[in-house]
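Try each task yourself before reading its solution.

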Amino acid sequence: MYKLRELYKDDLVEINRWRNDKNLIDNLGAQFRYINLGVDEKWYETYMASRQSTVRCAIVDANDMIVGIVGLVNINHLNQSAVFNIMIGKNENQNKGIGTFATKEMLKHAFYNLNLNRVELSVLEYNERAIRMYEKCGFVREGKKRQVTFKNGKFIDMYIYSILRAEFIY
């Protein structure tokens, strides 16, 4: 059994391990770079200061151990929109439905608590596992950003997906 809870500063040690895992980062839009714990502590402080436009949650197991993070960023209350992101940490926690659970819970929060109408995301064209999960959760592919990110010596396309409140089925 899994649940979402707000991110705690104590979660940063584990998150920092994930952010220094090149194999994990290779499947995300972010660039890989070595990140010390102090950088993640500043990232957390920035989050705490911007909670009106950002929601970051830890995905935790029954023992309250963090297995991933999920968030809504760039929340625009006028346009009722946000950008979604998710990261499942260790390989052994992937392919267990955790991402689907966390995505649906965060969309439920976005549409029913935050009164958003649209949530969008971008995903690397080769991350087929994530694409299947996003489509399973109701996201619709809107287009492609060509050669938008540089990873492992080459430029990679990213797909743009969105879901509207009227399309969301929990």
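Two rings of Phe, Tyr or Trp (its six-membered ring) count as a pair if their centres lie within 6.5 Å. Keep in mind that this model is predicted.

**Exercise 1: Aromatic rings**

Task: Find which residues are linked into a cluster by ring pairs, then classify the pair of Phe32 and Tyr34.

Solution: 
- Step 1. A search of the whole structure gives nine aromatic pairs.
- Step 2. For Phe32 and Tyr34, the ring centres are 4.9 Å apart and the planes make an angle of 80°. Planes over 60 degrees apart count as edge-to-face, so Phe32 and Tyr34 form an edge-to-face pair.
- Step 3. Now look at accessibility: Phe32 is partly exposed at 22%, while Tyr34 is exposed at 72%.
- Step 4. The cluster joined by ring pairs consists of Phe111, Tyr112, Phe168 and Tyr170.

**Exercise 2: Charges over rings**

Task: Say which ring Arg19 lies over, and which ring Arg141 lies over.

Solution: 
- Step 1. Arg19 sits over the face of Trp43, 5.3 Å from the ring centre.
- Step 2. Arg141 sits over the face of Tyr159, 3.8 Å from the ring centre.

**Exercise 3: Strand S2**

Task: Work out which way the side chains of S2 point and how S2 pairs with S1 and with S3.

Solution: 
- Step 1. In a regular strand, side chains alternate between the two faces of the sheet.
- Step 2. In S2, Val55, Cys57 and Ile59 point one way, and Arg56, Ala58 and Val60 point the other way. Residues on both sides are buried.
- Step 3. S1 and S2 are antiparallel, with four bridges; Leu4 has Ile59 as its bridge partner.
- Step 4. S2 and S3 are also antiparallel, with six bridges, and Cys57 has Val70 as its bridge partner.
- Step 5. Five residues lie between S2 and S3 in their hairpin, where Asp64 has a positive phi near 60°.

Terms used
Residues numbered from 1 in each chain as written. Predicted model: local features only at pLDDT ≥ 70, side-chain atom pairs only at ≥ 80, totals over all residues. Heavy atoms only, no water. Phe/Tyr/Trp six-rings, centres within 6.5 Å; stacked < 30°, edge-to-face > 60°. Buried < 20%, exposed > 50% of the residue type's maximum accessible area, 1.4 Å probe, protein only. Lys NZ or Arg CZ within 6 Å of the ring centre and 35° of its normal. Helix = DSSP H or I, 4+ residues; strand = E, 2+ residues; numbered from the N terminus. Pairing = 2+ DSSP bridges.
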